[in-house]
Amino acid sequence: MRSKYIWMDGALVPADEAKVPFLNAGLHYGLAVFEGIRAYGTAQGTAVFRLREHVKRLLGSAQVLAMPGIRWSEDEIVEAIREVVAANEFAECYVRPLIYVADGSWNLDIGAAKVSFGIAVWEWGPYLGADAREMGVRANVSSFTRHHPNVMMTKAKISGNYANSCLAKSESVRLGFDEAIMLDPFGFVAECTGENLFLVRGGALVTTATATILEGITRDSVVTLARDLGHEVREEPVSRDQLYLADEVFVCGTAAEVVALREIDGRAIGAGRMGPVTRSLQAAFHQAVRGENPRYEGWLTPIEVRSVVTGAS
């Protein structure tokens, strides 16, 4: 996770100078919101995938958490992300903007807090492992339930929410699986620890209802790609046993991209390997993010080479 520069409250600073005080309620209570974004290499240079949509969701998460005093506009955040990606000179990278409580809120009232904003980038390969793209991964249904939407706000990427994902993922890895599938409080399939989930049956795609999940930007991209390829896409409740009976199951997210689930709870899914619909969507997704399909060029924000001006002392 090496990078040269991190953007902190309006200025680039050397990565080893980007520090947060230990006595910080954002750290102690999980009072922060963040995004995960990827930049890809294209024939025209590095470009960030669906940057504007991610920034909108970041600001929406801050609104859901009722963070006061967000002093950066959408356009300013977009430009800051372009600046830090360019400064680090990665051909491809993962981007992590994070707005956090920097002062106040020790009494658990966020209303009078002061917030700070940082943006880091680093090189990050396949999230679910080097072989996941081709081989798919093994998953199990977790013993941990996804948040009830009136317990933790499920439409926001709030840092504290992710303790739930960490518990589920750690349990699954200890049991010998690669990923956890989490049920919602009503017993239906919700999502994985960091990905949304799709089933394929008879060529049609089924994805879970949005009430208890994070509405993923990669999920939205896959829905668009699937419809453009002629597939029916339905959003409806999904039961656990429907997973076992699916022709194919795959997950998608910014970090994971598009990856098949070849086995769930010891049951082979379909033929026990990535199926043809998942393969076609995976290929379409990678063409889109790398600028190889002009139909989706509006999803890419190019990064311009620029000189680095830091705020270092």
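Okay, let's start with arginine 138, which counts as partly exposed because its relative accessibility is 23%. Before I go on, keep in mind that this is a predicted model. So where does arginine 138 sit? It's in strand S8. If you leave aside the neighbours within four places in sequence, arginine 138 is in contact with Gly176, Phe177, Asp178, Glu179, Arg262 and Glu263. Here's a pair to look for on the screen: arginine 138 and alanine 268 are 130 residues apart in sequence, and their C-alpha atoms are 9.1 Å apart in space.

Now try another pair with me. Proline 149 itself is in the loop that runs between strand S8 (137–141) and helix H5 (162–174). Is proline 149 buried, exposed or partly exposed? It has 29% relative accessibility, so proline 149 counts as partly exposed. Not counting residues up to four places away in sequence, proline 149 touches Thr154, Ala211 and Thr212.

One more single residue, and then we'll do pairs. Lysine 114 is in strand S7, residues 114–122. Its relative accessible area is 57%, and exposed means over 50%, so lysine 114 is exposed. Even so, lysine 114 touches Tyr100, Val101, Ala102 and Asp103, again setting aside residues up to four places away in sequence.

How many salt bridges does a search of the whole structure find? It finds 21. I'll walk you through a few.

Take glutamate 35 and arginine 57, which form a salt bridge with their closest N and O atoms 2.8 Å apart. Glutamate 35 lies in the loop between strand S3 (32–34) and strand S4 (37–42), while arginine 57 is in helix H2 (residues 51–64), so this pair ties together parts that are 22 residues apart in sequence. Are these two partners buried or exposed? Glutamate 35 is at 0% relative accessibility, so it counts as buried. Arginine 57 counts as buried too, at 15% relative accessibility.

Next up, arginine 50 and glutamate 53: their side chains meet in a salt bridge, at 3.2 Å from N to O. Arginine 50 counts as buried, at 7% relative accessibility, whereas glutamate 53 is partly exposed, with a relative accessible area of 27%.

Then there's the salt bridge between the side chains of arginine 146 and glutamate 191, which is 3.0 Å from N to O. Why does that pair tie together parts 45 residues apart in sequence? Because arginine 146 is in the loop between S8 and H5, and glutamate 191 is in strand S10, residues 189–192. Both of these residues, arginine 146 and glutamate 191, are buried. There's also a network: Arg52, Lys56, Glu74 and Asp75 are joined into one by salt bridges that share partners.

Two packed helices are described by the angle between their axes and the distance between the axes. For H2 and helix H3 (residues 74–88), the axes come within 10 Å and cross at roughly 125°. H2 and H3 are therefore oblique to each other, and their crossing is right-handed. Who makes the contact? On the H2 side we have Leu51, Arg52, Val55, Lys56, Leu58 and Leu59, and on the H3 side Glu74, Asp75, Ile77, Val78, Ile81 and Arg82. Sort those residues by class and you get 7 nonpolar, no polar and 5 charged.

Last stop: helix H6 (residues 217–228) and helix H8 (residues 276–289), which pack at about 110° with their axes 10 Å apart. That angle makes H6 roughly perpendicular to H8. This crossing, H6 past H8, is right-handed. The contact involves Thr218, Val222, Leu225 and Ala226 from H6, and Leu281, Ala284 and Phe285 from H8. Which classes turn up here? The contact of H6 with H8 has 6 nonpolar residues, 1 polar and no charged ones.

Technical notes. Residues numbered from 1 in each chain as written. Predicted model: local features only at pLDDT ≥ 70, side-chain atom pairs only at ≥ 80, totals over all residues. Heavy atoms only, no water. Axes fitted to C-alpha atoms, helices over the stretch in contact; angles between N-to-C directions. Helix = DSSP H or I, 4+ residues; strand = E, 2+ residues; numbered from the N terminus. Parallel < 35°, antiparallel > 145°, perpendicular 65-115°, else oblique. Left-handed = near helix turned anticlockwise from the far one by under 90°. Contact = heavy atoms within 4.5 Å. Nonpolar A, V, L, I, M, F, W, Y, C, P; charged D, E, K, R; others polar. Buried < 20%, exposed > 50% of the residue type's maximum accessible area, 1.4 Å probe, protein only. Salt bridge = Lys/Arg side-chain N within 4 Å of Asp/Glu carboxyl O.
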